[in-house]
Amino acid sequence: MDGEYIIGGVFSIHYKELTKTDNYTTVPEPPTCTGSINSRELRFSRAVMFAIEEINNNTELLPGITLGYEIYDSCASVPVAMHVAFQLSNGQDPVFQLGDNCSQFGVVMGVIGESGSTPSISMSRIFGPFNIPLVSHFATCACLSDKQQYPTFFRTIPSDHYQADAMAKLVKHFGWTWIGAVHSDSDYGRNGMASFLEAASREGICVEYIESFFRTDPHKIRIVADAIRRSTSIVVVAFTAAGDMKFLLAELNLHLPPPRQWIGSEGWVTDTQLMRYSFCAGAIGVAIQQSVIPGFRDFLLDLSPSEVGASSVLTEFWEDAFNCSLTKSETATSAEKKQCDGTEDLKTLKIPYTDTSKFRITNMVYKAVYAIAHAIHNAVYQETNFTTFCKQQIRLDLNQVFTELKKVNFTQNDYHVSFDANGDPVATYEIVNWQKSESGIIELVTVGYYDASLPKGQEFRINRNLTWVDGETQVPVSVCSESCPPGTRKVLQKGKPICCYDCTHCPEGEISNMTDSPDCFPCPREFWPNAGKDACFLKPLEFISFDELLGIILAALSVTGACLSIITAVVFFHHRTTPIVRANNSELSFLLLFSLTLCFLCALTFIGAPSEWSCMLRHTTFGITFVLCISCVLGKTIVVLMAFKATLPGNNRMKWFGPPQQRMTVVSVTFIQVLICTVWLVLNPPFPVKNLTTYKEKIILECMLGSAVGFWAVLGYIGLLAVFCFLLAVLARNLPDNFNEAKLITFSMLIFCAVWITFIPAYISSPGKFTVAVEIFAILASSFGLILCIFAPKCFIILFQPQKNTKKHLMNKY
């Protein structure tokens, strides 16, 4: 149709080009298309005609100006698309006749097309030098956003950059990390899949296989189909054109693969012709938003016979749709098509052309026409107020339209139209799902949205229930390896993608508190993992407490020993006038019993949680009380020796070791230990610590010695006194007497020394709280040894053999 300004259109109305052989002797014939008509593409071309007709009747947009159109069939062929591009560029189509000087008949101001990215790339390279805008409704390759290579390219459909991101987020949303990928072996498929794989990598998605194919290569299509059948991944992401997908699904339909969850790009997922393949039920994909174009349904379906007959394309479409012939043929046979009788009605057909319930890509064509019309309108307004348009003789430069097209910003039928610096619109998609109806027919249902203009993390949302492969309502699982639970970590399988891994338990002392953790991490020093190794708990504190069995036993023995000492002292005090008590230096005996009581009780300071004061008290009290105890034993031993020496004629030694000297010996010997303990406490006293090294899973509360020299000096001094006392007792053991206390002291010192000699290696080798238990045991054992060996025989005679508690009996000689 002619007009003051022409808008071109290029669509793949036929599926392929008729192959011709040139003989180079005649001028080559123009390209000819063959094959069946793509009624969806025919609808796109009709949308251009409808939009231009609507604009020509508009009194606000380009008033007084008539737009025309030139619409070409590219035969889905790149060479034909390039041929068409050259034809549109030179403006010398013989169909149009030049009018008067006021018109620009034959000059194309902009072109709508193509549906594919590859032909759009070729056409854009041709149009670029002429500044002819190419506005595509369906070419989504992200490569076309490069303004250095394609400066005059625009599109009303979003770039695949956003579509790939939406598809990756869709896959990640449902937890699929192991997928297969197929794509068209074209610019659309290659670039789209590259963008998707990049986005999928960011989302942690792994790809089992990547296969490419083109509709003209049956062998490659069979290879792709076999890869899908053999794969272990349930999900297949297909970034293909509808024409390519048609051949792949046809191949798969010959030998159905195991159930697969298809994820589709907008290139094929909304194509109703493909929905007849029931094994794809449950497919999910991204699609251009549905739209409403008022009046377009009637324009499509109300075709008059004269209108159909005037167009060879519409004639072919009509005859294919109704399987009849519009032209009369005298040679027609019964085998040929019947004659159309005029009762045919497009409204009764169910083909993509008549599917007017959901305009998606068609609306992109509609918006593209209006975008060019607005650019022309703005360019004309800049030139004149055109009160009398024809007299102004306005001739627009293509560069003016191109410049104005970059700035268009309008709303048509509630849909906003504008372009960014790359010639792209704002990216918005619907998430669609192939769902089987009650009648078994697959329908396209909108289940969510993707809006790239929203803040990060909010672009994608699902707002209704979906059905999956085979109509299941349960989300299928497609992972290379099952998720590793908390308490384990992932170990990658050699030579496989990162989504293929084994799960190993965290090593000792480490945890992982999240699913699919790549690493385990250690707990803080005072914490330890629980049994599941998915959380850290504060390590239990270990010390000998009064609540545990060991603490109770030791405390009971300590109290028992102290009570025994007190009872013994009471018995001795009650029988203090008897010979056996008086003969054994009652003053030293009572002091010894007092010191033994303190020795038993000092064991209690080792039980309970160590504190700063208890650590200092337990060692110093132990050291001083034991020295007091040994000093009393030492005094009694010396008294025995002196007493027997004093019985010799002329010997007066006993006067040199009377009660004052005995007291002075005890005090002086004990004072030395007090001095050692004081120096120890002043210079480097014991202090409480948390021992984190002996046991990994618990904390030992213990007292550090502070100064090891101080500790061993205290023990050494006690040992020195014990050995000295033992030697003296050994010397006095055979002195003549019916009741010789030196024998008892010898046995007590023997037990005492044996206990403490054994204590040293046991103390060093015992772990944790048992170190303290060994020390308490040594204190109690040596204390019980002293009281039992020295006082038990005397108490037995006092209480049970009073006849022996006489001076006569004690003075009897052997």
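Because the model is predicted, local features are taken only where pLDDT is at least 70 and side-chain atom pairs only at pLDDT 80 or more, whereas totals for chains, interfaces and linings use all residues. Residues are numbered from 1 along each chain as its sequence is written, and side-chain values use heavy atoms, with hydrogens and water left out.

**Salt bridges**

Side chains of opposite charge can pair when their charged atoms come close. Across the whole structure, a search finds 18 salt bridges, a salt bridge being a side-chain nitrogen of Lys or Arg within 4 Å of a carboxyl oxygen of Asp or Glu.

| Salt bridge | N to O distance |
|---|---|
| D165 and K169 | 3.0 Å |
| K696 and E508 | 3.3 Å |
| K347 and D302 | 3.7 Å |

D165 and K169 are separated by about one helical turn, because they stand 4 residues apart in helix α4 (residues 160–173); helices (H or I, at least four residues) and strands (E, at least two) are DSSP runs, numbered from the N terminus. Both D165 and K169 are buried, where buried means under 20% relative accessible area, exposed over 50%, and partly exposed in between, with a 1.4 Å probe and protein chains only.

E508 is exposed, with a relative accessible area of 55%. Through shared partners, salt bridges also join D165, K169, E198, R202 and E203 into one network.

**S291 and its surroundings**

S291 is placed in the loop between β12 (284–287) and α8 (296–301), and its relative accessibility is 5%, so it counts as buried. A polar atom of the S291 side chain lies 2.7 Å from the backbone oxygen of F359, and a polar contact of 3.5 Å joins the side chains of S291 and N363. A polar contact is a pair of N or O atoms within 3.5 Å; within protein, one must be able to donate a hydrogen and the other to accept it, and residues adjacent in sequence count only if both atoms are side-chain atoms. Leaving aside neighbours within four places in sequence, S291 is in contact (heavy atoms within 4.5 Å) with F359, R360, N363 and Y415.

**The cavity**

The structure holds 1 cavity of 30 Å³ or more, and the largest cavity has about 50 Å³ of space. Of the 13 residues lining the largest cavity, those closest to its centre are F543, I544, P610, L701 and V772. A cavity is a set of points on a 1 Å grid over the protein atoms alone where a 1.4 Å probe fits but cannot get out, and lining residues have an atom within 4 Å of a point. The largest share of this lining, 3 residues, comes from β28.

**T605**

T605 is in the loop between α16 (586–602) and α17 (612–646). Leaving aside neighbours within four places in sequence, T605 is in contact with L617 and R618.

Methods: On a 1 Å grid over the protein atoms alone, a cavity is a set of points where a 1.4 Å probe fits but cannot get out, and a pocket is an open set with protein on both sides within 12 Å along at least five of seven lines; lining residues have an atom within 4 Å of a point. Grid points are joined across faces, edges and corners, and a volume is the space filled by probe spheres set on the points.
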